[in-house]
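I opened this notebook to record a few look-ups in one structure. The entries follow in the order I made them.

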Amino acid sequence: MNFTEINAQFPPKDDKDMFEMIQFVKQKPFAKDYWNILKLIYKKAEQYLLSIEVNLSQKEERISVANLMSNFLLRLDVLNHSNDVKTEFPTALTVDYMKRRARRFMKELGNKDKELYIKIAKQIILNSNTKENKINPQSQLVAADILFGKSNRLKYIDSRTGYKWINSYHLHQKEERFAEYWDESPEFIQSIFQKDNLPDEVYDFAVKLSTRNEWGIPLVNEKMLVRFFNSSSIALKKLAVQKTYAEFSFRVVSPELYAGLWLYADLSTEKRINEINKKRNQNAPDWYKKLAEALAEYTFEMLKNGNANKRVMRSIDFLQQIYPDILAKKDWTPMAKALMSSPVTTLRNIGFAAMKKADFSQAFYWLEAWLSKQRDIIKDYKEYERFVDIFYEKCPKNISANELKPFIFAKNTHYFLVEFAWNMSLKNNNQWYYYQLWSKITSYYSNVKFEQVFMYSCQSPSGRIAFERYFRYYSYNISYLTGKILDILFEYGNEKIKNMFTEQFVTQFINNLGYYLKQLVEYPEHIKQQLIIKIWDSLYKDKKEKNFFSYYSYGQQALQIAEENDFALRFLMELFEKIKITDSSWKIIINNMFNYPKFSKELLTFLKTLSDKDPRVLKFIENISITDIQSNARIIPSKYIEIVVKKLSWEAVLDLVANTNNDVFMILQPFILPILEKKQAELGFWKKILEQVIQGQNRQLGIRLLENPTFFELFLQQKDLTLLDMQEQEYEDLLLQWVQKNTQYFEMESQELFKLCMHKIPKVREFGLHHAEKLGMTLVFALRFFESNTPDMVNFSKKYFNEIKIKSIEETEAILAMCDSPNKNVRQFGLEYLNNRKQHLAEKTLVILECLTENADTLVQTFVSKEITEIPANNLTNSTKKFIEKFDDEMLRLKNKGRKTKEFIKNRVENTLQIDTKTLINLARVGTKADKEWAIEQMTKKALAGENIDGFILV
């Protein structure tokens with residue numbers, strides 16, 4: 001069977017297919033592989049039965065579908081998900097939903113089709129029994145609604161809870177759903193009494209209908225009558241009494257029936273029974289023994305249901321007097337609640353007697369049964385001691401916490417449960433077992449229930465002993481008690497455990513003030529004051545330094561608490577004033593104080609009252625940081641700031657200048673100024689600062705130092721000339737102001753003046769040139785300017801050279817100096833300068849040329865060779881000829897160099913033949929091929945001209 005078949009045709013037209021579908025519904029388990037198909041069949045059947053109009057042509061088909069539906073509902077209504085479903089699907093939620101849906105379906109069907117409703121309802125009623133012979137309204141929603149859907153004793157709570165029995169019952173009320181349908185079904189109702197496998201509620205249903213409609217109730221067999229006597233239904237007990245008495249009237253009944261009649265008959269019936277018994281012979285002893293056993297069973301059932309009326313007590317007394325062995329053999333455990341909550345001493349004594357046979361695992365059950373009735377701690381204490389006497393010996397020697405948990409954390413906690421648990425715990429000397437109990441009860445997040453348990457523990461003798469044993473062994477744990485728990489301890493605990501707590505708390509407080517101060521603040525005032533007295537007593541007795549904050553976090557905790565709580569703040573300030581604390585604790589305080597404005601204000605106020613040499617003040621100064629100063633300069637006394645700033649490294653001072661806001665900087669300025677005055681004497685000081693600013697490392701620093709009038713005045717007074725190494729355009733105005741203010745450092749022809757004149761910043765360079773001009777220029781300085789290749793300085797030099805007087809000694813020196821310069825541009829200008837002035841030089845020209853013949857520069861040599869060519873023959877003196885011959889000799893011997901110079905010399909020689917013969921001979925020997933040929937050619941000309949040349953012969 002699959003979805004396709006069901007969706008394609010429903011209901012099946014073929015009888016065989018319908019039979020197979022019914023068998024599928026009856027047999028297949030509610031499990032993953034079948035659930036979806038079963039659910040689909042249900043939905044199809046539900047849709048069919050509720051949507052199709054009733055007509056004669058479909059009657060048989062509707063009956064078949066109803067039969068199919070009833071088989072599904074029979075299984076669904078008695079289904080116990082946790083026991084009957086072994087697979088992932090259906091889930092418990094799905095089953096609950098389907099039960100509610102089935103209940104709604106039956107109600108809708110009852111309104112639509114009376115015949116089918118009765119048909120399905122009968123099937124459900126006849127198949128509604130469970131192992132307990134009772135209907136469970138929370139699970140069997142359909143059966144419960146059919147039988148008691150209109151009843152005041154059955155209430156529908158919600159979809160999760162389902163139905164629930166309530167204490168409201170009226171025999172003649174019509175409790176059934178569609179009661180009028182059942183009033184027309186006497187045969188079915190009568191047949192119910194012939195069955196012995198139905199729930200009590202079904203028989204109750206049948207009795208009620210029979211009574212209401214005055215139908216005669218047929219004979220009921222003895223087995224059923226005994227069951228009715230044991231039922232909780234008044235109607236069934238009444239029926240059992242009527243039927244049994246009717247039979248007793250004419251014959252002897254079984255001991256089981258007589259016991260029920262004796263126990264449940266009313267006074268008039270009981271009187272008639274006694275009269276009949278007087279006329280009859282005595283029954284056999286065995287009959288009475290069975291009567292006692294049956295009576296005990298009925299009594300047990302009544303006690304189970306909490307019924308301890310006079311008849312029950314009469315039965316108990318009868319059994320105790322005549323058949324005590326029967327009562328002794330019975331397991332009274334199921335009736336514990338009825339026995340122990342009874343006001344009748346006899347029943348409670350039976351309970352205590354039964355306890356002696358129980359093992360320790362049943363102690364909680366019996367004690368809880370006794371506590372189901374309200375008990376007074378004082379009035380009922382002696383009876384409670386009977387529990388202790390019975391179970392103390394049964395209790396394991398080393399009973400664990402897990403075995404005591406049910407008593408201590410009972411759903412309905414009680415003093416006697418807690419006292420009993422701690423009483424039993426005294427049999428175990430290993431207190432570690434109870435860590436989980438005490439830590440849970442006394443935890444800071446304790447709830448109302450745990451607080452109640454702790455109160456009982458503090459009230460009870462055994463609880464106090466257990467508390468003392470545990471917290472004496474784990475003494476540090478007691479100091480963690482706080483909140484309501486501590487309040488309870490001081491209200492209900494004895495002096496011994498109060499002192500235990502106080503002593504340990506004081507010890508832990510002094511060792512770990514940061515943690516325990518928070519607890520102290522939160523304690524109730526009366527507890528707090530007691531602890532404060534003990535704390536001060538302990539502190540005054542011990543004169544050693546106190547390390548209150550052994551961990552950094554503890555110090556933070558303490559200051560945070562003081563910031564938020566006035567009591568904690570006052571306590572800490574008094575502590576700092578009166579108690580000597582370690583350096584490490586002071587360091588933690590100072591490093592954290594400024595995170596807490598309220599605390600820091602109080603501490604600074606206190607420090608100001610102390611001498612500057614007080615160790616606390618010195619420790620404050622030693623540990624205060626630059627960040628603290630930057631953030632808190634307004635509240636820190638200025639004398640402390642001055643001391644701290646003086647101790648800072650120069651880098652720290654600069655950081656302080658750069659990273660404080662304007663208001664704070666104004667406070668710090670008086671203390672920084674002396675440091676800056678001293679520091680700026682160091683070489684490169686300002687240069688280093690300005691470089692940092694230029695590189696973007698600390699722009700605020702430059703702004704602070706150079707835009708502040710006081711600091712800027714210091715800058716202008718500095719003597720460090722390395723500042724000229726700063727070439728960045730951004731500092732044009734700054735450097736200009738400084739050099740204008742400090743011209744005394746730039747003396748005539750000094751290196752500093754030279755650096756100033758060739759500075760990269762135009763305005764600075766311009767000022768330097770003006771200053772140099774003002775001081776006056778010398779030939780040497782002008783030449784250095786020229787050789788710098790700096791345009792402004794070159795122009796400045798040219799101007800100087802051009803202004804030298806004609807025919808002056810300076811003019812000649814200038815020419816020779818420029819032509820001798822290693823700078824090509826200078827030499828070139830020198831040659832031009834000479835060329836422009838040679839007409840005024842007259843006789844000095846030959847002197848200059850003679851000097852220049854020693855110059856190694858090619859341009860100079862070329863210039864000299866050209867000028868020699870232009871010297872008139874009548875101006876050639878012996879001395880002139882001599883330096884010319886030397887010049888010619890040196891130039892012509894040069895190889896691969898001075899080509900132009902050689903050309904000028906050769907042209908002149910060719911025209912004048914004025915050259916030393918030795919020069920030609922030497923050239924012919926060692927010169928280049930071209931030079932040799934040229935030399936030979938000139939010697940030939942000389943020979944032809946009649947000059948005798950040694951070693952040279954014309955052929």
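I took a charge to sit over a ring if NZ of Lys or CZ of Arg is within 6 Å of the ring centre and within 35 degrees of the ring normal. The model is predicted, so local features need pLDDT of at least 70, side-chain atom pairs count only at pLDDT 80 or more, and totals for chains, interfaces and linings use all residues. Residues are numbered from 1 along each chain as its sequence is written, and side-chain values use heavy atoms, with hydrogens and water left out.

Entry on charges. I found the charged end of lysine 528 over the ring of phenylalanine 567, 4.6 Å from its centre. I also found the charged end of lysine 440 over the ring of phenylalanine 409, at 4.7 Å from the centre.

Entry on aromatic rings. I counted rings of Phe, Tyr and Trp (its six-membered ring) as paired if their centres lie within 6.5 Å, with planes under 30 degrees apart as stacked, over 60 as edge-to-face and the rest as tilted. My search of the whole structure gave 64 aromatic pairs. One of them, phenylalanine 178 with tyrosine 181, is stacked, at 5.1 Å centre to centre and 5° between the planes. The rings of phenylalanine 576 and phenylalanine 599 are edge-to-face because their centres are 6.1 Å apart and their planes at 80°. I noted one aromatic cluster whose members include Phe567, Phe571, Trp536 and Tyr540.

Entry on burial. I used buried for under 20% relative accessible area, exposed for over 50% and partly exposed for in between (1.4 Å probe, protein chains only). Both phenylalanine 576 and phenylalanine 599 are buried. Phenylalanine 178 counts as buried at 11% relative accessibility, and tyrosine 181 at 13%.
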